[in-house]
Amino acid sequence: MGDAVPPPAPAFPLGLQAVAFWSDRVPDWQTARQLLRSGSAPAEGEPLRPPPPQMLQGAERRRASPAVALGLELARLALAEAGVDAQAVEAVFTSSHGDVMVTDEICRTLAQDPALLSPLRFHHSVHNAVAGYWSIATGNTRATTALAGHEHSFAGGLLEAALRVRQLGTPVLLVSLDLCPPPLMQALAPARQALGAALVLGPAGTGRQQLTLAVTPASAATPVPLPAWLDGSYQPDLARFLCALARLDDNDPDGIATPFSAPGRAPPGAELRMSLGGQLDLAVAFDG
């Protein structure tokens, strides 16, 4: 008997309706996209602070941790671009370690004077803090997931969001972020850069860019190198996804054909592979 033919990989076609971006080097997607397409680097300077969350008012805004502030503002910007009602969308939030700055502060307090531990800081330290603030700020009572998968968090969140879109037939919000940890936590989370993005994903045929996701056996392919200014976060798959997206432009017929590895236009049908950990990859085809 011949070798059994493996079944085809499950495929999930999607429409990308909006993108919001922030890093501590570049404040928005328009600027990041221009840098990635040109091969340029941002100017040197002090790291940027996360933007204030416009969804929160007064004292709530002042109390928001950096991760909460960044997550809510990215979500607001992406939903505004897509024209999607914040109260009517399901959401997926991913982060490898949550708010590492708050965790570091709590650990220091426990080591030095446990009686000074703040209940407010403790509730910011839980992994779903951003998702919880999102639900409160928007009044959204639909399903919200907070997901962690170490350096594979973005790939896991993208797959979760794709499954939601397929099930619901409506847009789903995906927010993925990780902050730069303080020095004592670098062994746990070796990152030199804060990075976050929000995507609004919808059914195939909607939005400005079409994607197809497939779960496949793990590949030994060498990861695509990243530009130096985007190579220091704990979200390498998110960074590679954004690099790929920046180099797709239907209005630019010219450019370098090598997908995602050099400035220029990546051809439709080019594929980006992200590990889900262990035996599986998530393959993303950019369909033009």
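This is a predicted model: local features need pLDDT of at least 70, side-chain atom pairs count only at pLDDT 80 or more; totals for chains, interfaces and linings use all residues.
Buried residues, meaning those under 20% relative accessible area, with exposed being over 50% and partly exposed in between, using a 1.4 Å probe and protein chains only, make up 48% of the 288 residues in the protein chain. Residues are numbered from 1 along each chain as its sequence is written, and side-chain values use heavy atoms, with hydrogens and water left out.

The secondary structure of the chain comes to eight helices and eight strands, where helices (H or I, at least four residues) and strands (E, at least two) are DSSP runs numbered from the N terminus. If we take contacts, meaning heavy atoms within 4.5 Å, between residues at least 6 apart in sequence, then 71% of them join residues at least 24 apart.

Let me turn to helix H3, which covers residues 66-82, has 17 residues and reaches 24 Å from its first C-alpha to its last; that is close to the expected 24 Å, the expected span being 1.5 Å times one less than the number of residues. Its buried residues include Ala67, Val68, Leu72 and Leu79, and after the helix comes Gly83, whose phi is positive, near 70 degrees.

My next topic is a pair of helices. The axes of helix H7 (residues 153-168) and helix H8 (residues 236-246) come within 6 Å and cross at roughly 65 degrees, where axes are lines fitted to C-alpha atoms, for helices over the stretch in contact, and angles run from 0 to 180 degrees between N-to-C directions. Phe154, Ala155 and Leu158 in H7 meet Asp237, Leu238 and Phe241 in H8. By class, this contact has five nonpolar, no polar and one charged residues, with Ala, Val, Leu, Ile, Met, Phe, Trp, Tyr, Cys and Pro counted as nonpolar, Asp, Glu, Lys and Arg as charged, and the others, Gly among them, as polar.

Finally, the cysteines: the structure holds zero disulfides, a disulfide being a pair of cysteine sulfur atoms within 2.5 Å. Cys107 counts as partly exposed because its relative accessibility is 46%, and Cys180, at 25%, also counts as partly exposed.
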